[in-house]
There are 2 protein chains.
Amino acid sequence: MAQKPSIPKGTRDFSPIEMARRNYIFDTIREAFGLFGYKQIETPSMENLSTLMGKYGEEGDKLLFKILNSGDFMKSVNHADIENGNLPKLTNQLCEKGLRYDLTVPFARFVVQHRADLQMPFKRFQIQPVWRADRPQKGRYREFYQCDADVVGSDSLHNEVELLSLIDFVMVRLGINVAIKLNNRKILAGIAEVLGAEDKIVDITVAIDKIDKIGLENVNRELLEKGLSEDAISRLEPILTLTGSNAEKLDRLGSLLSASEEGMKGLAELREVLEGIEALEPKADVEVDFSLARGLNYYTGTIIEVKAKDVEIGSITGGGRYDNLTGVFGMPGLSGVGISFGADRIYDVLNQLNLYPDEISASVKVLFINFGKAEARRAEQIIAVLRRAGISAQLYPDAAKMKKQMNYANAEGVPYVAIIGEDELKDGKVTLKNMSTGDQQQLTSEELVELLGAK
Amino acid sequence: MAQKPSIPKGTRDFSPIEMARRNYIFDTIREAFGLFGYKQIETPSMENLSTLMGKYGEEGDKLLFKILNSGDFMKSVNHADIENGNLPKLTNQLCEKGLRYDLTVPFARFVVQHRADLQMPFKRFQIQPVWRADRPQKGRYREFYQCDADVVGSDSLHNEVELLSLIDFVMVRLGINVAIKLNNRKILAGIAEVLGAEDKIVDITVAIDKIDKIGLENVNRELLEKGLSEDAISRLEPILTLTGSNAEKLDRLGSLLSASEEGMKGLAELREVLEGIEALEPKADVEVDFSLARGLNYYTGTIIEVKAKDVEIGSITGGGRYDNLTGVFGMPGLSGVGISFGADRIYDVLNQLNLYPDEISASVKVLFINFGKAEARRAEQIIAVLRRAGISAQLYPDAAKMKKQMNYANAEGVPYVAIIGEDELKDGKVTLKNMSTGDQQQLTSEELVELLGAK
């Protein structure tokens, strides 16, 4: 019996209309990256496991897809490890390579490997799929695209401003209203420092994040349970309840953090970034948000998160500044800042709000009906002219019944149908039917090119 | 000690300039596919091994990259198979998934899985990487892109004509002079038939292919060794030595093949395809070549191969008609015809002949020198205007020494450098330096947009 075909769970086929929409998103992002001076690179889907392992924590190691060695993959396998069921060791014996888990580690590896050929600061972008053996669920896939832009080798906060401007540019082009939320890791460290609770920075940040949902009392109880002192909790309260404009929040937190050098540095950085982006009059709302703690163990300065304002969905873009990207590959001291567009979530937003331009379509602009050999040959010649003029066109390949061909045109959503029958062949004309209005007109091939070429 | 980073053998990193060139090729092909009415799909990088295994022969099964199961991958492993070193069984126990080996099998799987949603004839294109555990060598990689266009569900030879027209269109756009070679599997079968040697079709085809290189006598000796009768060999001779125009070759072979119905059908098909493409006046040479035997075990009708005329390199595009694409997945009787552009070889041809348009560049059009905070802020505002006008621009992120910034501009090959110093800030002007001529001029920001926006 023939197999009933399926695809691995957590993976997807993309249909023509889905591809047209995804290309619109990727092309928009790619063009923006180029206009902003980011340069595209690509890295192999497979990296050596030695490059990937240990970079994403113990859990990440498990979520890497590993590739079985070619040839006699059993030859390095230690039978004692089979007996003991030592999976990590067996993995290393069976597999040398794994699939890319994100674009950051391959980028770091790329920078170190090609350092002699790169100008610093190096602005790179990369749009490629990544693979994670996560449990699949709604909106979470085992293969998905990341769209990353990073600049390494420059500490200037101009880079942050440029990335925020890039986010605004892309969202304006896509028609998505967004709020860009900004924080700085040094501010979070400063808060923990003035409370005398440097080791509680994660708990404090989580608490700040929850206050809208569970209220001040519950937050305070949680912090007490986590071991924060009553004194610290009472001094955190004015920070938890900060409101007002960006300037007001920065001013108030400034007076509370004055004892922390690191906190004040974070505030100064955040101020400069804010001033920079506001001077460019972005369409996006730009909001200071001290509860933003994205990638807390990774970012060392600016933290960025972007929310769509008109759809309930998680963050659609995020990023921040990090130190020492390449240290693990033997090139210490390289700082950088980057953002990552969440293509799948952006796709969901555009679908929900139906924000695609009308031109986005998987069908050709005009289908020529096939009435037989002589008519088809004439159609092919006109079609060649249309294509050279950038107008997508095709002939129905078989001289099937008119009804069948028109059904095909309808099902495909083709906007125009062109007819070259016996009469048209004699007159040297084409009958063009507008499929949405039903209007028909007789045109020369020059008139046809002109009409279909107009937007 | 830090690891010295590297990538798996047979894989590649692509630098910004390589990406710019590759994008030019892929964008050209993608646009052409769209203009010709082919619709893009994408399939997952991973397929179930049950989808892939047995589709590429025994050798192909070995060249598939298999993915180690997640979690306790040892739990289904049979210890007797370990003892016996039964690698095929162990592979199936350790791995459920493999990486895509080509785009044809996933396309067949896609068609069957989504048959209810597809209009026939279905014209699809697909541009994605594939993976093969081949021994890497010059020009052969373990990860490389395929660019396939196929139409299934139509037997019309119009599809062949359209695909030839598509090849011509792409090669004209890329500036590559090509010869398109055409044959038909039924002609090869017909030759074997009239010689009374149906089972020797492969040997006969190989012989025809070799005659230019090794001469008639050696070919005849080889055929004798392969078991072809002396009588058959003498009757093959006039076919081996066919010369002349396409029409002459077709006519002469026609009189030799008149006893074979299949052979005559192949000749009629080839004639119709030739007439169809010649009526469209292609720039490519289109040549009948009875020695063309590409994919002999796979193609059932038209066979297509494309050679670059100005570079010594193998075929840069190929394809043909096949029957029963989807039979193995339980959907018999679906015929199709398709072509595949060899992106890596096309890339090599463009590199060797230096055929890239001048605009292909990884750098921005203009770099703004950074003289400090006030000047940089003004620069950022002008840069935002340029980008909105579609002109790529960036500010050097740090207020570094002028020499360092100019060195960066030179190393990056930036065509223009813009300067906003104290004077320009006062006058509201920008000094623009053309990096190839050294010319400088003072411009308003409107003049700047106009000058840089011009092609």
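Predicted model: local features only at pLDDT ≥ 70, side-chain atom pairs only at ≥ 80, totals over all residues.
Me: Where do I start with confidence? What is the mean pLDDT of chain A?
Reply: pLDDT gives the predictor's confidence in each residue, from 0 to 100. For chain A the mean is 93. In that chain, 99% of the residues reach 70 or more.

Me: What are the ipTM and pTM scores of the model?
Reply: The ipTM is 0.93 and the pTM is 0.94.

Me: On to charges. How many salt bridges does a search of the whole structure find?
Reply: A pair counts when a side-chain nitrogen of Lys or Arg is within 4 Å of a carboxyl oxygen of Asp or Glu. Over all chains, the search finds 44.

Me: Which side chain does B:E412 meet in a salt bridge?
Reply: B:E412 pairs with A:K39, at 2.5 Å from N to O. This pair crosses between chains. B:E412 sits in helix α15 of chain B, residues 402-412. A:K39 sits in strand β1 of chain A, residues 39-40.

Me: Why is B:E412 classed as buried?
Reply: Buried means under 20% relative accessible area. B:E412 has 17%, so it counts as buried. A:K39 is buried too, because its relative accessibility is 11%.

Me: Now A:R387. Which side chain does it meet in a salt bridge?
Reply: The partner is B:E162, with N to O at 2.9 Å. A:R387 belongs to helix α14 of chain A (residues 373-388) and B:E162 to helix α7 of chain B (residues 158-174), so this pair joins two chains. Both residues are buried.

Me: And inside chain B? What does B:E269 pair with?
Reply: B:E269 meets B:K186 in a salt bridge of 3.0 Å, N to O. B:E269 is in helix α12 (residues 261-278) and B:K186 is in helix α8 (residues 185-194), so the bridge ties together parts that are 83 residues apart in sequence. Are these two residues buried or exposed? Both are buried.

Me: Salt bridges can share partners. Which residues do they join into one network?
Reply: One such network holds A:R12, A:R22 and A:D344.

Me: Take A:E198. Where does it lie?
Reply: A:E198 is in the loop of chain A between α8 (185-194) and α9 (201-225).

Me: Next, the backbone. Which peptide bond of chain A is cis, with omega near -10°?
Reply: The bond from A:M120 to A:P121. A:P121 is placed in the loop between α6 (104-113) and β5 (122-131) of chain A.

Me: What joins B:M120 and B:P121?
Reply: A cis peptide bond, with omega about -5°. B:P121 lies in the loop between α6 (104-113) and β5 (122-131) of chain B.

Me: Which phi does A:E281 have?
Reply: A positive one, about 50°, although A:E281 is not a glycine. The residue is in the loop between α12 (261-279) and β8 (285-288) of chain A. A:E281 is exposed, at 69% relative accessible area.

Me: And what is phi at A:N324?
Reply: Positive again, about 60°, and A:N324 is not a glycine either. Its place is the loop between β10 (317-322) and β11 (336-341) of chain A. A:N324 is partly exposed, because its relative accessible area of 41% falls between the limits of 20% and 50%.

Me: Last, sequence against space. How many residues apart are B:N177 and B:A308?
Reply: They are 131 residues apart in sequence, yet 5.9 Å apart in space, C-alpha to C-alpha. B:N177 is in the loop between α7 and β7 (178-184) of chain B. It is partly exposed, with 29% relative accessible area.

Me: How many residues separate B:D285 and B:G438 in sequence?
Reply: The pair is 153 residues apart in sequence and 45 Å apart in space, C-alpha to C-alpha. B:D285 is in strand β8 of chain B, residues 285-288. B:D285 counts as partly exposed, at 29% relative accessibility.

Notes
Residues numbered from 1 in each chain as written. Chains lettered and ligands numbered in written order. Heavy atoms only, no water. Helix = DSSP H or I, 4+ residues; strand = E, 2+ residues; numbered from the N terminus. Buried < 20%, exposed > 50% of the residue type's maximum accessible area, 1.4 Å probe, protein only.
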